[in-house]
Amino acid sequence: MPLPLFLPCAAGVEEWLAEEVARVLPQARVQTRRGGVALEGDPREVMLLNLESRLAQRVLIEVAEGPYRDEHDLYALAQSVDWQQWLTPRQTLRVDTTAQKSPLKSLNFAALRIKDAVCDQLREATGERPSVDTRHPDLPILLHVGAERAAIYVDSSGEPLFKRGWREDKGDAPLKETLAAAMLAAAGWRGTPEAGGALHDPCCGSGTIAIEAAQIACGIAPGLQRRFAFERQLPFTGPDERALWQRLKAEAKARIHASAVPIHASDVSFRMVDFARRNAERAGVAAAIEFHGGDALERPAPPLPEGLPGCVVLNPPYGERIEVGGKAARPSAQDRDTPSDFFARLAAHWKQAYTRHAAGWTAWVLSPDMKLPSAMRLKESRRIPMWNGPIECRLFRFDLVAGSARAAKPAAKPDR
């Protein structure tokens, strides 16, 4: 039986996630929805999506959906699922909840009723009940309650998919790997000479963008170095399913190759460059990235082969101007050390150092400052809405040309 699947993602990333799923599963009928994409899939496709998706936050399997008015209805909805097909009494579970316009007064009580339904069903059938594990459950369950309808999902991923399994060293405000992948997808960067060309992150921090780019360029599946919850869930633990999972991982390992484009990363903090190098080693891409220390306001553009375009992708320090929910966000140490004229000086440096290469450079900058182009005295050719956690941002594209970009470029496309 096909399984209804939902892959949630950050707001604004749905379009690229749908394209990614279509590449991973060419035969799938993918539906773009608010906050993610929906499709139907079998256990093999659940495994593949966990292994291959860079943009999804999780791979959720819908096991029940229906109308509700109160917690009693939610209990009945959970009781409609045959939980013996998913876990044994010796295994563990956890129930999380999300809500949108729900009339329920307590989401914690709603989660408790779902847990009770699972445990009651298994105890009646076997005389035993599973335990709750809030950290590493065998069966993570997600309850989503809307205004009138509710859905229950099994989370096949376990830990969120941005946890690739290689990060140990990080700075004050590390960029999530899924957001780095979204920036690269929005920029059309695929790690080939034809799709993006060379890449440079001059504010690399702990290396997230460069490492994500290098794994793309080397054909490394993002989930190859981690474990997933489905590996402990009954529909995926039969001998045939275990053999299939080993075969999918072996096929992913067999396609790894050297990068066809140069990837450069640098940071003003030599401590962060050291973190980035160590992370790149654990991610298996140390040989694909050239790391340097140096101020983004001074470091020259990396040398590129003739005819190869360059792509600057960065998540620069945000400074102390960010507000989240009406409150000023706590700035990182790097943010506090950023000079007030950083962006104006960065644009001046780009005009001087990045406009001499014949094939050209394009810069993509993620920022919560909607007036960033004015501060840089550059005219953006695109601005794409994108969320960095709770912070609403824009991904700005600047085409780096000699002279005044304001006069040379057409009006920017509006936010989509």
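Predicted model: local features only at pLDDT ≥ 70, side-chain atom pairs only at ≥ 80, totals over all residues.
Me: Let's start with the open sheet: which strands are at its edges?
Reply: Happy to. Eight strands make up this open sheet, with mixed pairing, and their order is β2-β3-β1-β4-β8-β7-β5-β6. An edge strand pairs on one side only, and that picks out β2 (31-33) and β6 (131-132).

Me: How many bridges join β4 and β8?
Reply: Strand β4 covers residues 60-67 and is joined to β1 (residues 3-8) by two bridges, running antiparallel. On β8 (residues 149-155), glycine 66 stands opposite alanine 150, and proline 67 has arginine 149 as its bridge partner. The β4 and β8 pairing is antiparallel, and the number of bridges is seven.

Me: And which residue in β4 is the bridge partner of phenylalanine 6?
Reply: Strands β1 and β4 run antiparallel, with two bridges between them. For phenylalanine 6, the partner in β4 is leucine 60.

Me: Which strands does α4 touch as it packs on the sheet?
Reply: Helix α2 also packs on this sheet, where it touches β1, β3 (36-41) and β4, and its direction makes about 10° with that of β1. For α4, the direction makes about 145° with that of β5, and the strands touched are β5, β6, β7 (139-145) and β8.

Me: Why is α1 described as oblique to α2?
Reply: Helix α1 spans residues 14-24 and α2 spans residues 43-52, and their axes are 10 Å apart. Angles of 65 to 115 degrees count as roughly perpendicular and those over 145 as roughly antiparallel. The two helices pack at about 125°, which makes α1 oblique to α2.

Me: What is the handedness of that crossing, and which residues of α1 and α2 make the contact?
Reply: The crossing of α1 and α2 is right-handed. Helix α1 brings Glu20, Val21 and Val24, while α2 brings Leu48, Leu49 and Glu52. By class, these contact residues are four nonpolar, no polar and two charged.

Me: Is lysine 101 buried or exposed?
Reply: Lysine 101 sits in the loop between β5 (92-99) and α4 (107-126). Its phi is near 60°, a positive value in a residue other than glycine. With a relative accessible area of 73%, lysine 101 is exposed.

Me: What about arginine 377: what is its phi?
Reply: Most residues other than glycine have a negative phi. Arginine 377 lies in the loop between α11 (372-376) and β16 (382-388), and is exposed, with a relative accessible area of 62%. Although arginine 377 is not a glycine, its phi is positive, at about 55°.

Key. Residues numbered from 1 in each chain as written. Heavy atoms only, no water. Axes fitted to C-alpha atoms, helices over the stretch in contact; angles between N-to-C directions. Helix = DSSP H or I, 4+ residues; strand = E, 2+ residues; numbered from the N terminus. Parallel < 35°, antiparallel > 145°, perpendicular 65-115°, else oblique. Left-handed = near helix turned anticlockwise from the far one by under 90°. Contact = heavy atoms within 4.5 Å. Nonpolar A, V, L, I, M, F, W, Y, C, P; charged D, E, K, R; others polar. Buried < 20%, exposed > 50% of the residue type's maximum accessible area, 1.4 Å probe, protein only. Pairing = 2+ DSSP bridges.
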